[in-house]
Amino acid sequence: MKQSHRVLSTYACDLFGICSALYELGGLIVMHDADGCNSTYNTHDEPRWYDIPSMAFISGLNEVDTIYGNDQRLIDNVADAAAETNPRFIVLGGSPMPNAIGTDFKAVAKLTEKRTGIPTLGFRTDGIQSYVWGAGKAFRDFGKKFMPSPEKIKEDGISINDAKSGKVGKSRETGDRPVRVNILGATPLDFSVTGTVTEIKKLIRDNGMELCACWAMGSNFDDVVNSYRADVNAVISSTGYELAKWMQETYGIPYVCGIPMGEKQTERWIGALRKAGLAGQVQSGKSLEENSVDPVQSGSEETEDPRQTEGHHEWLLIGEPVLMHSVRAALCAEYGITDVKILCPIRNIQKAMTRGILVTDVEDKLREECQRADHILADPIYSRLLPGETDKFTFLPQEAFSGRYFREEIPMFAGPRALDNIRGAAPGMREEIRQAHW
């Protein structure tokens with residue numbers, strides 16, 4: 001019962017993470033469930049629903065098919081829908097009921113692909129895991145399915161490095177062209193549609209680099225399939241980490257984790273991308289946050305971060321790890337605030353993303369940590385934990401947690417003025433706290 005939430009919401013589920021990750025890429029996305037999941041997704045977790053057309057449907061699972069495990073009707077219906085919509089690919093994912101009866105989505109995907117001739121992906125989702133798990137698997141498996149293998153690129157008579165350079169025989173270090181960058185992990189569940197992703201793209205271009213693809217807001221199917229030509233990947237949320245690791249192993253593309261926030265951290269972020277793109281070296285988290293445990297460096301031993309120990313802390317940051325690491329780095333760089341603890345309430349996130357931070361979604365533990373902090377940055381719903389102390393909170397709403405409820409209050413939180421924007425979106429803060437800590 002400790003996992004029961006009495007006053008808090010829950011994060012968007014794995015199935016919605018898949019829908020959000022692949023929304024703009026031209027696929028037919030089928031949520032295998034009765035009725036309800038589709039409306040919950042498009043009204044609460046998908047701000048693009050009324051502006052950008054997509055093919056996210058519900059299967060209409062009924063009681064008889066559930067009892068008898070009839071997957072043929074699903075295959076038939078998906079085939080009929082594909083014939084009408086002509087998608088680039090098909091994605092199948094499940095809710096709690098298909099998971100309970102053991103639906104084999106990979107097998108159903110193979111049968112569907114054979115029936116339709118359209119590439120199909122199947123995910124064993126259960127509607128219980130977090131959106132990070134779902135979106136992360138969707139990004140990675142999409143890359144594996146559709147991006148050309150190094151062998152295929154070699155068959156075309158060009159090496160990986162030559163494909164990236166665009167000039168056979170010329171080195172990336174000669175400066176013949178700008179560093180090419182992919183953005184990984186961009187979904188409205190983490191960034192909404194308030195301009196944060198647009199600002200990150202602008203920063204890349206304004207600093208003399210070239211944007212290859214954004215996985216997956218503002219880029220199409222062909223953009224992301226050809227993103228192996230990039231020199232470096234910018235991982236801006238945990239949902240992009242598995243894809244970054246796979247692209248590093250497959251194409252030798254290094255990655256940098258973090259969001260540019262504040263003048264100093266924005267400058268460091270741009271420098272880290274340029275250095276990694278030119279030298280082909282994976283940048284450690286210390287390139288982004290010199291005083292933190294490295295959140296991305298693989299193979300390092302886990303060590304205890306003294307800032308994450310029990311006891312009083314000046315600031316507590318609650319939320320998705322890459323964003324909160326970036327906020328902590330910005331607080332240190334811009335204001336000299338070092339007594340900052342990060343708490344991740346999302347389970348099933350890769351350990352590399354959560355090194356040095358506390359991971360828990362137990363309300364009592366969350367409340368204890370909030371009581372120990374002077375100031376808290378979190379989604380407004382977390383203020384329910386301390387109903388008499390809302391003046392402790394700086395609000396940074398997240399679409400994946402509070403849905404559309406606080407959508408209009410989500411600030412643009414990237415770039416040199418990011419902290420000012422977050423401060424301006426925190427009406428619950430007392431003026432004296434603003435003056436003392438901002």
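Mentor: The model is predicted, and every value here is computed from it. The largest pocket has a volume of about 360 Å³. Its lining is made up of 19 residues. Those that lie nearest the centre of the pocket are His-5, Thr-10, Tyr-11, Ile-128 and Asp-361. By class, nine of the lining residues are nonpolar, eight are polar and two are charged. In this scheme Tyr counts as nonpolar and Asp as charged.

Now the chain as a whole. The protein chain has 438 residues, and 58% of them count as buried. Its secondary structure comes to 19 helices and 13 strands. Taking contacts between residues at least 6 apart in sequence, 70% join residues at least 24 apart. The accessible surface of the chain is about 17800 Å², with 47% of that area belonging to carbon and sulfur atoms.

Among the helices, H15 covers residues 321-335. From the first C-alpha of H15 to the last, the distance is 21 Å, close to the 21 Å expected for its 15 residues at 1.5 Å a residue. H15 is mostly covered, with 12 of its 15 residues buried, that is, under 20% relative accessible area.

Note on methods: Residues are numbered from 1 along each chain as its sequence is written. This is a predicted model: local features need pLDDT of at least 70, side-chain atom pairs count only at pLDDT 80 or more; totals for chains, interfaces and linings use all residues. Side-chain values use heavy atoms; hydrogens and water are left out. On a 1 Å grid over the protein atoms alone, a cavity is a set of points where a 1.4 Å probe fits but cannot get out, and a pocket is an open set with protein on both sides within 12 Å along at least five of seven lines; lining residues have an atom within 4 Å of a point. Grid points are joined across faces, edges and corners, and a volume is the space filled by probe spheres set on the points. Helices (H or I, at least four residues) and strands (E, at least two) are DSSP runs, numbered from the N terminus. Buried means under 20% relative accessible area, exposed over 50%, partly exposed in between (1.4 Å probe, protein chains only). Contact means heavy atoms within 4.5 Å. Accessible areas come from the Shrake-Rupley method with a 1.4 Å probe; for residues, only the protein chains shown count as cover. The expected span of a helix is 1.5 Å times one less than its number of residues.
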